[in-house]
Amino acid sequence: MKFRARIVDTACLNHFTRVSNMVAKLAKTCTLRITPEKLNFILSDKLASGGVSMWCELDQENFFSEFQMEGVSAEQNEIYLELTSENLSRALKTAQNARALKIKLTNKHFPGLTISVELLSMSSSSRIVTHDIPIKVIPRKLWRDLQEPSVPIADVSIYLPVLKTMKSVVEKMKNISNRVVIEANLAGQLNLKIESELVSVTTHFRDLGNPPLSCESTSQNRSPAEMAQVCVDIRKLLQFLAGQQVNPTKALCNIVSNKMVHFDLLHEDVSLQYFVPALS
């Protein structure tokens, strides 16, 4: 197995750092999947407690000026690595205003990703800062638990409001309840509801819009005003919202009634899918 890649464009480097920061907020540990065309950051519900899943995907050609990899075999030209997300995020923070960044799969004293950051110094000569991030190589027999999650057919799909606004609402609700009901309909309405013994609070978002119905959608015979709803752990919803530092190009919420909520986001050329299961 071999992997080495290089970023020289400042905008690409900053964007990759933002992606890494987002992943660190969403998952303490994650799987990095490397293929010839793509990088994926994965959190699998089979491995995660509470059933939250994440699938973040980016095309390597949009970020890297050089990209070389050899997977475990010619037939299975992929690499799966487990790492602590914060370690990658912390290493990339030193790369602000860097001249170049190199990532390489190494095996010094332990299997690792070596991040080399080329920084400009005052004398216009450059200096190299190196980070060695410990990783675990995931064996092939576990790969099947780390495939892209299948997206269930939603009862209602709706565009999300500004995520910053949604986050501040959910932060206040968290002080009252640890569960939140997300409900939405095909008339562009989304409600967040909490209840305690003393109080019930509902926040309404209107005119959000719904994406065009797909052919296989179960929503085709649904009344536009009829709500689909799901009750989830408010901390898991807040964790997802806290991870979004930049308002995405597209943000979609898909509700499968009483089963799960699936968030589908596009940050320029990086896609993020985040699945939160319903509370029983």
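Student: Is F16 buried or exposed, and at what relative accessibility?

Tutor: F16 counts as buried, because its relative accessibility is 3%, where buried means under 20% relative accessible area, exposed over 50% and partly exposed in between, with a 1.4 Å probe and protein chains only. This is a predicted model, in which local features need pLDDT of at least 70 and side-chain atom pairs count only at pLDDT 80 or more, while totals for chains, interfaces and linings use all residues. Residues are numbered from 1 along each chain as its sequence is written, and side-chain values use heavy atoms, with hydrogens and water left out.

Seven aromatic pairs are found in a search of the whole structure, a pair being rings of Phe, Tyr or Trp (its six-membered ring) with centres within 6.5 Å, counted as stacked with planes under 30 degrees apart, edge-to-face over 60 and tilted for the rest. The rings of F16 and F64 are edge-to-face, because their planes stand at 70 degrees, with the centres 5.6 Å apart. Since F16 belongs to helix α1 (residues 10-26) and F64 to the loop between β4 (53-59) and β5 (66-70), their contact ties together parts that are 48 residues apart in sequence; helices (H or I, at least four residues) and strands (E, at least two) are DSSP runs numbered from the N terminus. F64, at 7% relative accessibility, counts as buried.

A tilted pair is formed by Y80 and W143, 4.4 Å from centre to centre with 35 degrees between the planes. This pair links distant parts of the chain, 63 residues apart, with Y80 in strand β6 (residues 79-84) and W143 in the loop between β9 (126-137) and β10 (156-159), and both Y80 and W143 are buried. Returning to F16, one aromatic cluster brings it together with F3, F63, F64 and F67.

Turning to the strands, β16 (residues 260-267) is largely enclosed by the rest of the structure, because seven of its eight residues are buried. Strand β15 (residues 250-256) pairs with β16 in the antiparallel sense over seven bridges, pairing being assigned if DSSP finds at least two bridges between two strands, and strand β17 (residues 270-277) is joined to β16, also antiparallel, by eight bridges. L265 in β16 stands opposite A251, and its bridge partner in β17 is L272. The hairpin of β15 and β16 has three residues between the strands, with N258 at a positive phi near 60 degrees, whereas the hairpin of β16 and β17 has two residues between them, with E268 in the turn at a positive phi of about 55 degrees.
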